[in-house]
Every structure is written in C-alpha cells, then in structure tokens.
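Visitor: I would like to go through this model helix by helix, with the reasoning shown.
Guide: Then let us look at it together.

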Amino acid sequence: MISALHAYWAYGGLWPGCDEASLVKTVIGAPGLETMPPTGLTMAVALLIFIAGLLPPMFVSGVPSGPPANLVWTGMVVLATIFLVRGSLAFLPIFRRRHPQEPFATLDRHIYGPLCLLIGAAYVIVLASV
C-alpha cells in the first residue's frame, strides 16, 4: 500500500493534500520546498518499497528461484536498520529542526515515525524467527 501511494504521488496524485504545495507540506515537510520530487525519483522510491515488501516472504520461505539466501538476509538487515533509524529520527530534535513544517512535523511524530519503527521491528522479528 505504501508503495502504491508513492506511485500515485509520482503520477500527480494529491491526497492527502488538496494541491501540490499542501501535499509537500504533509508528506515531506522541508522548508522552502513547494513541489514534489521528480516522477522518476518518486517511482524509484515506490519500487524500492515494493521490493522491501517482498523480502520477508522470500526470507521465510527460502524461495529457491529467488536471489541467494545471504543476499536476502543482508537486505533484511539493511532494511531493518533503515526503518529503525528513520523511525527514530522522527523523535530527535536535529530532525525536527530540519523538518519543522506542519502538518508533516506532527504526522511524523504520530504516524510516519511510529510506522517506520513498527516495520523495522517486524523485520527484526522475522530475522529472529528463522
């Protein structure tokens, strides 16, 4: 779903904003930024998030036709780290100062950051379960 939302934004979708400027304030929150990143960059993010969602089932099932197991394991560790770090940033003053724009700042502390922490924790649980 998160990947699909990024693809939607890449091709001009405005939700949860009502125009591009309000979307940027809601999902990026960088001061002075009023336009969304280029389509290619946003689609690359969507693709990476999609791939990130494929790794846990591949890791657990050991899909024989997929990438080597050590590559999947490494990807899982990297993703767990990325999500845990990103989730933690939502609560650090240095990140807050770089992204003070509302409503992003509040949404980041209440939704985006905790969601990243939850996803990172899920990767750790999957890694620990096998």
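Guide: The axes of helix 3 and helix 4 (residues 69-89) come within 10 Å and cross at roughly 130 degrees. Axes here are lines fitted to C-alpha atoms, for helices over the stretch in contact, and angles run from 0 to 180 degrees between N-to-C directions. This is a predicted model, in which local features need pLDDT of at least 70, side-chain atom pairs count only at pLDDT 80 or more, and totals for chains, interfaces and linings use all residues. Residues are numbered from 1 along each chain as its sequence is written, and side-chain values use heavy atoms, with hydrogens and water left out.

Visitor: Which residues of helix 4 make the contact with helix 3?
Guide: Contact means heavy atoms within 4.5 Å. From helix 3 the contact takes Ala52, Leu55, Pro56, Met58 and Phe59. From helix 4 it takes Val72, Trp73, Gly75, Met76 and Leu79.

Visitor: How many residues of the contact of helix 3 with helix 4 are nonpolar?
Guide: Ala, Val, Leu, Ile, Met, Phe, Trp, Tyr, Cys and Pro count as nonpolar, Asp, Glu, Lys and Arg as charged, and the others, Gly among them, as polar. The contact has 1 polar residue and no charged ones. The nonpolar residues number 9.

Visitor: How do the axes of helix 1 and helix 3 run, parallel or antiparallel?
Guide: The axes of helix 1 (residues 2-10) and helix 3 (residues 39-61) come within 8 Å and cross at roughly 170 degrees. That angle makes helix 1, relative to helix 3, roughly antiparallel.

Visitor: Is Ser3 buried or exposed?
Guide: Ser3 lies in helix 1. Leaving aside its neighbours within four places in sequence, Ser3 is in contact with Ala46, Leu47, Ile49 and Phe50. Buried means under 20% relative accessible area, exposed over 50%, partly exposed in between (1.4 Å probe, protein chains only). Because its relative accessibility is 13%, Ser3 counts as buried.

Visitor: Is Gly32 buried or exposed?
Guide: Gly32 sits in the loop between helix 2 (20-27) and helix 3. Its C-alpha atom is separated by 9.4 Å from that of Gln101, 69 residues apart along the chain. With a relative accessible area of 77%, Gly32 is exposed.

Visitor: How many helices does the protein have?
Guide: Helices (H or I, at least four residues) and strands (E, at least two) are DSSP runs, numbered from the N terminus. Read along the sequence, the pattern is α-α-α-α-α-α. There are 0 strands, and the number of helices is 6.

Conventions. Angles under 35 degrees count as roughly parallel, over 145 as roughly antiparallel, 65 to 115 as roughly perpendicular and the rest as oblique.
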